[in-house]
Amino acid sequence: MKQVLVDMDGVLADVYAQFIRLEKEKTGTILSPESLIGKKEAHAFPHYETHVTSSGFFRTAPIIPGSVKGLEYLNNKYDVLIVSSATEFPDSLKEKLDWLNEHYPFISWQQMIFCGKKDSIKGDIMIDDHPKNLDAFPGRRIIFTQPHNAQVENPSYERVSTWEEICTIL
């Protein structure tokens with residue numbers, strides 16, 4: 001059975017919606033996703049560091065529409081591993097674990113890999129929103145569209161913008 005590596009932030013968790021909501025709460029500024037195109041999150045959001053280091057940021061992120069049904073579909077068809085960089089920020093490891101358990105109860109603890117770098121994790125297919133993770137991956141590379149990667153063109157990537165598209169190609 002093929003092994004599919006699925007990123008969490010930007011593929012399952014809608015961290016852009018979370019950042020936009022928190023920026024509005026903190027400053028009153030309403031940022032549109034279109035205004036963020038081509039900018040890395042750390043540059044797109046003035047209070048990025050404050051948000052990602054705040055307790056609850058990862059625990060309360062909304063889910064990407066269609067991801068529950070889509071991930072369950074993949075989980076029934078492939079050997080799925082959730083691979084998330086979760087060791088950079090103090091609270092993120094526990095918050096991500098709790099978030100996954102709440103929203104994707106069909107994913108077992110054995111299917112969750114929390115790490116610092118993803119390049120040592122092996123699989124056949126990777127779904128991620130960050131080119132740096134896909135570039136180091138030798139298998140099939142699927143890039144999930146987010147504002148920071150919308151202008152990235154790489155013929156070795158298959159681009160998807162929704163979970164419905166993922167289910168169609170896989």
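This is a predicted model: local features need pLDDT of at least 70, side-chain atom pairs count only at pLDDT 80 or more; totals for chains, interfaces and linings use all residues.
**Nonpolar cores**

I began with the largest nonpolar core, which has 40 residues. Within this core, Val6 and Trp163 touch the most other members. I then looked for the main contributor and found helix H1 (residues 15-27), which gives the most to this core, with five residues. I also noted another core lying apart from it, of ten residues, including Val83, Ile121, Met126 and Tyr157.

**Trp163**

I next listed the contacts of Trp163, leaving aside neighbours within four places in sequence. Trp163 is in contact with Val6, Val11, Leu12, Ile64, Pro65, Gly66, Ser67, Gly70, Leu71, Leu74 and Phe144.

**Helix H4**

Which residues of helix H4 (residues 67-77) are buried? I recorded Ser67, Gly70, Leu71, Leu74 and Asn75. Viewed down the axis of H4, these buried residues fall within an arc of 135°, so they line one face of the helix. On the other side of H4, I found Lys69 and Asn76 exposed. I then checked what covers the buried residues of H4; the cover includes strand S1 (3-6), strand S2 (79-85), strand S4 (125-128) and helix H7 (163-169).

**Ile142**

I located Ile142 in strand S5. Its relative accessible area is 0%, and Ile142 is therefore buried, the cut-off being under 20%. Beyond four places in sequence, I found Ile142 in contact with Ile125, Met126, Ile127, Asp128, Leu134, Glu158, Val160, Ile169 and Leu170. I also took one distance: Ile142 and Ser32 are 110 residues apart in sequence and 25 Å apart in space, C-alpha to C-alpha.

**Gln146**

I placed Gln146 in the loop between strand S5 (140-144) and strand S6 (157-160). Is Gln146 buried or exposed? I noted a relative accessibility of 8%, so Gln146 counts as buried. Leaving aside neighbours within four places in sequence, Gln146 is in contact with Gly10, Tyr16, Ile64 and Asp129.

**Cavity**

How many cavities of 30 Å³ or more are there? I counted one. The largest cavity has a volume of about 50 Å³. I listed its lining as Lys118, Asp119, Ile121, Lys122, Gly123, Met126, Asn133, Ala136, Phe137 and Pro138. By type, this lining divides into five nonpolar, two polar and three charged residues.

Methods
Residues are numbered from 1 along each chain as its sequence is written. Side-chain values use heavy atoms; hydrogens and water are left out. Helices (H or I, at least four residues) and strands (E, at least two) are DSSP runs, numbered from the N terminus. Buried means under 20% relative accessible area, exposed over 50%, partly exposed in between (1.4 Å probe, protein chains only). Contact means heavy atoms within 4.5 Å. A nonpolar core is a set of buried Ala, Val, Leu, Ile, Met, Phe, Trp, Tyr and Cys residues joined through side-chain atoms within 4.5 Å. On a 1 Å grid over the protein atoms alone, a cavity is a set of points where a 1.4 Å probe fits but cannot get out, and a pocket is an open set with protein on both sides within 12 Å along at least five of seven lines; lining residues have an atom within 4 Å of a point. Grid points are joined across faces, edges and corners, and a volume is the space filled by probe spheres set on the points. Ala, Val, Leu, Ile, Met, Phe, Trp, Tyr, Cys and Pro count as nonpolar, Asp, Glu, Lys and Arg as charged, and the others, Gly among them, as polar. The arc is that of the directions from the helix axis to the C-beta atoms.
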